Amino acid sequence: QVQLVESGGGLVQAGGSLRLSCAASGSIFSINSMGWYRQAPGKQRELVAIIISGGRTNYADSVKGRFTISRDNAKNTVYLQMNSLKPEDTAVYYCNTRMITVVGEVLDYWGRGTQVTVSS
């Protein structure tokens with residue numbers, strides 16, 4: 001099993017910054033990607049940012065230029081630096097880790113989520 005522990009959420013005013021962290025532990029063998037998703041009330045969960053093995057990153061259009069995802073491979077930890085926050089960024093943010101077994105099975109693991117609230 002793999003456990004993901006998120007931290008860094010909270011309440012911030014519009015224009016402010018927050019940094020989310022997610023540490024993976026347990027039976028980690030080959031991480032294909034680590035990423036952040038978010039879910040606002042009444043909306044579907046959506047991809048915010050992802051970093052793939054090798055360092056390639058991908059961002060939702062709504063956060064490009066404001067959010068930066070990074071990863072510490074030695075610590076199996078992924079970070080999300082969020083700047084210029086807007087009220088529409090308010091959501092529960094979930095960490096995701098994807099691993100692929102030698103036989104091609106895809107294993108997705110999720111954190112419990114951390115609340116980010118941006119006040120106007």
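Tutor: Let us begin with pairing, since two strands are said to pair if DSSP finds at least two bridges between them. The model is a predicted one, and in it Met 34 stands opposite Thr 97 in strand 9.

Student: What makes strand 4 and strand 9 a pair?

Tutor: Strand 4 (residues 31-39) is joined to strand 9 by eight bridges, with the two running antiparallel; the rule asks for at least two bridges, so the term applies.

Student: Why is strand 9 called largely enclosed?

Tutor: Strand 9 covers residues 91-100, and seven of its 10 residues are buried, so the strand is largely enclosed by the rest of the structure.

Student: Why is Thr 77 called buried, whereas Ile 52 is called partly exposed?

Tutor: Buried means under 20% relative accessible area, and partly exposed lies between that limit and 50%. Thr 77, in strand 8, has a relative accessibility of 8% and therefore counts as buried. Ile 52, in strand 5, has a relative accessible area of 22% and is therefore partly exposed.

Student: What does Thr 77 touch, and what does Ile 52 touch?

Tutor: Leaving aside residues up to four places away in sequence, Thr 77 touches Cys 22, Ala 23, Met 34, Ser 70, Arg 71 and Asp 72, while Ile 52 touches Asn 32 and Ser 33. Ile 52 and Ser 33 are 19 residues apart in sequence, with their C-alpha atoms 4.3 Å apart in space.

Student: How do you know that the side chain of Thr 77 has a polar atom within reach of the backbone oxygen of Lys 75?

Tutor: The separation between that oxygen and a polar atom of the Thr 77 side chain is 2.9 Å, and the distance limit for a polar contact is 3.5 Å.

Student: What makes Tyr 37 and Trp 110 an aromatic pair, and why is the pair called edge-to-face?

Tutor: Their ring centres are 5.0 Å apart and the angle between the planes is 65°; centres must lie within 6.5 Å and planes over 60 degrees apart count as edge-to-face, so both terms follow. Tyr 37 lies in strand 4 and Trp 110 in strand 10, so the pair ties together parts that are 73 residues apart in sequence. Trp 110 is itself partly exposed, at a relative accessible area of 38%, and Arg 45 lies over its face at 4.7 Å from the ring centre.

Student: Which residues have the most contacts inside the largest nonpolar core?

Tutor: That core has 30 residues, and those with the most contacts inside it are Trp 36, Leu 80, Met 82 and Tyr 93. Among the strands that each supply at least two residues of this core are strand 4, strand 8, strand 9 and strand 11. Tyr 93 touches residues including Trp 36, Leu 80, Met 82 and Val 116.

Key
Residues numbered from 1 in each chain as written. Predicted model: local features only at pLDDT ≥ 70, side-chain atom pairs only at ≥ 80, totals over all residues. Heavy atoms only, no water. Buried < 20%, exposed > 50% of the residue type's maximum accessible area, 1.4 Å probe, protein only. Helix = DSSP H or I, 4+ residues; strand = E, 2+ residues; numbered from the N terminus. Core = buried A, V, L, I, M, F, W, Y, C linked by side-chain atoms within 4.5 Å. Contact = heavy atoms within 4.5 Å. Polar contact = N/O pair within 3.5 Å; in protein donor to acceptor, adjacent residues only side chain to side chain. Phe/Tyr/Trp six-rings, centres within 6.5 Å; stacked < 30°, edge-to-face > 60°. Lys NZ or Arg CZ within 6 Å of the ring centre and 35° of its normal.
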